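Q: Could we go through this model together? I would like to begin with how residues are classed, and then move on to the fold.

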Amino acid sequence: MPKKTSKRRSAPDQDKLIVDALRDVGRPLSAYEIIDQLKDKGLSAPPTIYRALNRLIEDGLAHRLESLNAFVACRHPHHEGTAVFAICGACGTVREFHEPDAVQRLKAAAMAGGFAVKEMAIELRGRCKDCSVPAGGIVASAPLGDDDQHGHDHALPIAAAPRPARKR
Ligand SMILES: [Zn+2]
Ligand SMILES: [Zn+2]
């Protein structure tokens, strides 16, 4: 066992403080926000925080969101494989879910091209269910009405754009 000092918290203790902070907040936190949350608890040295975060990520207790440069607690007791994150740009909540088949397909496609995947981050940016409800001011441009019965096709006109003329 390493020597103990009264000031220093043990590694498991540090890890637990960080995971608890992430769980309490319920949204991604940057390393600096984590430091801010924990400085009152005697955990404020950035290298200590980064080491603890790396341990948590390795143990599958937390994840790093690449596109936000932030961290979230894992919601799954037994994390396996690459997680997919849906990040709401309005309220900042993150939903974690698992699509092992899709992950496997992406890896296989990369491998087919001779690419060896070492790391993978899948992050979807958009609006969560709560935030996509039009609230007062911002109104969706689609007219409201009997959507089920107005008799035309809602397929998006993906192929409708004319080809650009190449002649000048
Ligand atoms: Zn997870
Ligand atoms: Zn939201």
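A: A definition is needed to begin with: a residue is buried if 20 or more other C-beta atoms lie within 10 Å of its own, exposed if 12 or fewer, and partly exposed in between. Please note also that this is a predicted model.

Q: What does β3 pair with, and in which sense, parallel or antiparallel?
A: With β4 (residues 94–97), β3 pairs in the antiparallel sense over four bridges. With β5 (residues 122–126), the pairing of β3 is parallel, over five bridges.

Q: How many residues lie between β3 and β4?
A: Five residues lie between these two strands, which form a hairpin. In the turn, G92 has a positive phi of about 85°.

Q: So what is the strand order in the sheet?
A: The order is β4-β3-β5, an open sheet of three strands with mixed pairing. β4 and β5 each have a single partner strand and stand at the edges, so one side of each has no neighbour in the sheet. From one strand to the next, the twist averages 20°.

Q: Stepping back, how many helices and strands does the protein chain have?
A: There are four helices and five strands. Along the sequence they follow the pattern α-α-α-β-β-β-β-α-β.

Q: And what share of the residues is buried?
A: Of the 168 residues of the protein chain, 14% count as buried. As for contacts between residues at least 6 apart in sequence, 54% join residues at least 24 apart.

Q: Let us turn to the core. Which residues have the most contacts inside the largest one?
A: The largest nonpolar core has 20 residues, and I18, L22, L53, A62 and F71 have the most contacts inside it. At least two residues of this core come from each of α1 (11–25), α2 (31–38), α3 (46–58), β2 (70–73) and β3.

Q: What does L53 contact, apart from its neighbours within four places in sequence?
A: L53 is in contact with I18, A31, A62 and F71.

Q: At what angle do α1 and α2 pack?
A: They pack at about 105°, with their axes 10 Å apart. The two helices, α1 and α2, are therefore roughly perpendicular to each other. In this contact, L17, I18 and A21 of α1 meet I34, Q37 and L38 of α2. The residues of the contact of α1 with α2 divide into five nonpolar, one polar and no charged.

Q: How about α1 and α3: at what angle do their axes cross?
A: The axes of α1 and α3 cross at roughly 80° and come within 9 Å. That makes α1 roughly perpendicular to α3. From α1, the contact involves A11, Q14, D15, I18 and V19, and from α3 it involves T48, A52, L53, R55 and L56. By class, the contact of α1 with α3 has six nonpolar, two polar and two charged residues.

Q: Changing topic, where is R9?
A: R9 is in the segment before α1. Not counting residues up to four places away in sequence, R9 touches Q14, G42 and L43. R9 and L43 are 34 residues apart in sequence, and their C-alpha atoms are 7.9 Å apart in space.

Q: Why does R9 count as partly exposed?
A: R9 has 17 other C-beta atoms within 10 Å.

Note on methods:
Residues are numbered from 1 along each chain as its sequence is written. Chains are lettered from A and ligands numbered from 1 in the order in which they are written. This is a predicted model: local features need pLDDT of at least 70, side-chain atom pairs count only at pLDDT 80 or more; totals for chains, interfaces and linings use all residues. Two strands pair if DSSP finds at least two bridges between them. A nonpolar core is a set of buried Ala, Val, Leu, Ile, Met, Phe, Trp, Tyr and Cys residues joined through C-beta atoms within 7 Å. Two residues are in contact if their C-beta atoms, placed from the backbone, lie within 7 Å. Axes are lines fitted to C-alpha atoms, for helices over the stretch in contact, and angles run from 0 to 180 degrees between N-to-C directions. Angles under 35 degrees count as roughly parallel, over 145 as roughly antiparallel, 65 to 115 as roughly perpendicular and the rest as oblique. Ala, Val, Leu, Ile, Met, Phe, Trp, Tyr, Cys and Pro count as nonpolar, Asp, Glu, Lys and Arg as charged, and the others, Gly among them, as polar.
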